[in-house]
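Visitor: I have the model open and I'd like to know what stands behind the labels. Can you take me through them?

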Amino acid sequence: MYQVLFKRLAGNEDVNLPQKMSELAAGFDLHAAVQEPVILAPGERKLIPAGFAMAMPGELEAQIRPRSGLAYKHGITCLNSPGTIDADYRGEVKVLLVNLGQEPFAITRGERIAQMVFQVVPAVSIAECDELPDTVRGEGGFGHTGV
């Protein structure tokens, strides 16, 4: 098990730290630490603070992902999704939200706005070469299967 440390930022004592909403949930819900409601107009994007900073082991990354209910009901989703938080980042966690819906949406203090999933980052070494091994797929890219 990996231990992740959370530091609640000053003025956010009333905002929940990330939490799982069910025993087997993969993601920890993030809560808006806005001082007053933020209106997100259709097509508009805003960076929403979560009210905490964290420290995680170097083997981990945190991914910020949309909440399915907000996306389905209101068209609210995360840009740059999944957004990556690196293990050496110590600033406030923020969520880049966009309104793809038809109506303005109000983000209120304490509202669940996204989820954070932790992933193990494998140790990888990079090696330059003159030729790559062949595969059946080869250089087939976008749409190469006809679908």
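Guide: Start with the open sheet of four strands, in the order β2-β11-β6-β8 with antiparallel pairing. This is a predicted model, so to speak: local features need pLDDT of at least 70, side-chain atom pairs count only at pLDDT 80 or more, and totals for chains, interfaces and linings use all residues. Residues are numbered from 1 along each chain as its sequence is written, and side-chain values use heavy atoms, with hydrogens and water left out.

Visitor: What makes β2 and β8 the edges of that sheet?

Guide: β2 (28–31) and β8 (83–85) each have a single partner strand, so one side of each is left without a neighbour in the sheet. From one strand to the next, the twist averages 35°; axes here are lines fitted to C-alpha atoms (for helices over the stretch in contact), and angles run from 0 to 180 degrees between N-to-C directions.

Visitor: How do you know that β2 and β11 pair?

Guide: Two strands pair if DSSP finds at least two bridges between them, and a strand is itself a DSSP run (E, at least two residues; helices are H or I, at least four), numbered from the N terminus. Between β2 and β11 (residues 112–120) there are four bridges in the antiparallel sense, so by the rule of at least two they pair. Phenylalanine 28 has methionine 116 in β11 as its bridge partner. β6 and β11 also run antiparallel, joined by six bridges, and alanine 62 stands opposite phenylalanine 118 in β11.

Visitor: Which strands form the three-stranded sheet?

Guide: That open sheet has the order β4-β9-β7, with antiparallel pairing. Its edge strands are β4 (45–49) and β7 (76–78), each pairing on one side only. The twist averages 40° from one strand to the next. Five bridges join β4 to β9, and isoleucine 48 has valine 95 in β9 as its bridge partner.

Visitor: Which residues are listed under "binding site"?

Guide: The unreviewed UniProt entry lists Arg67, Ser68, Gly69, Asn80, Thr84, Ile85 and Asp86. UniProt positions are given in the numbering used here, feature names are shortened, and annotations may be inferred rather than shown by experiment. The listed residues are spread over 20 residues of sequence and, in space, up to 26.4 Å between C-alpha atoms. Among them, Asn80, Thr84 and Ile85 are included in the lining of the largest pocket.

Visitor: What makes something a pocket?

Guide: On a 1 Å grid over the protein atoms alone, a pocket is an open set of points with protein on both sides within 12 Å along at least five of seven lines, whereas in a cavity a 1.4 Å probe fits but cannot get out; lining residues have an atom within 4 Å of a point. The largest pocket holds about 220 Å³ of space. Of the 13 residues that line it, the closest to its centre are Ile64, Gly83, Thr84, Ile85 and Lys94. β8 and β9 (94–99) are the elements that give two or more residues to this lining.

Visitor: Why is isoleucine 85 called buried?

Guide: Buried means under 20% relative accessible area, exposed over 50%, and partly exposed in between (1.4 Å probe, protein chains only). Isoleucine 85 has 10% relative accessibility, so it counts as buried. This residue lies in strand β8 and touches Met54, Met56, Glu61, Ala62, Ile64, Val93 and Met116, not counting residues up to four places away in sequence; contact means heavy atoms within 4.5 Å.

Visitor: Is arginine 67 buried or exposed?

Guide: Its relative accessible area is 18%, so arginine 67 is buried. It is found in the loop between β6 (60–65) and α1 (68–74).

Visitor: And why does arginine 109 count as partly exposed?

Guide: Arginine 109 has 26% relative accessibility, so it falls in the partly exposed class. It sits in the loop between β10 (105–107) and β11. Arginine 109 and valine 34 are 75 residues apart in sequence and 5.2 Å apart in space, C-alpha to C-alpha.

How values were computed: Points joined across faces, edges and corners; volume = space filled by probe spheres on them.
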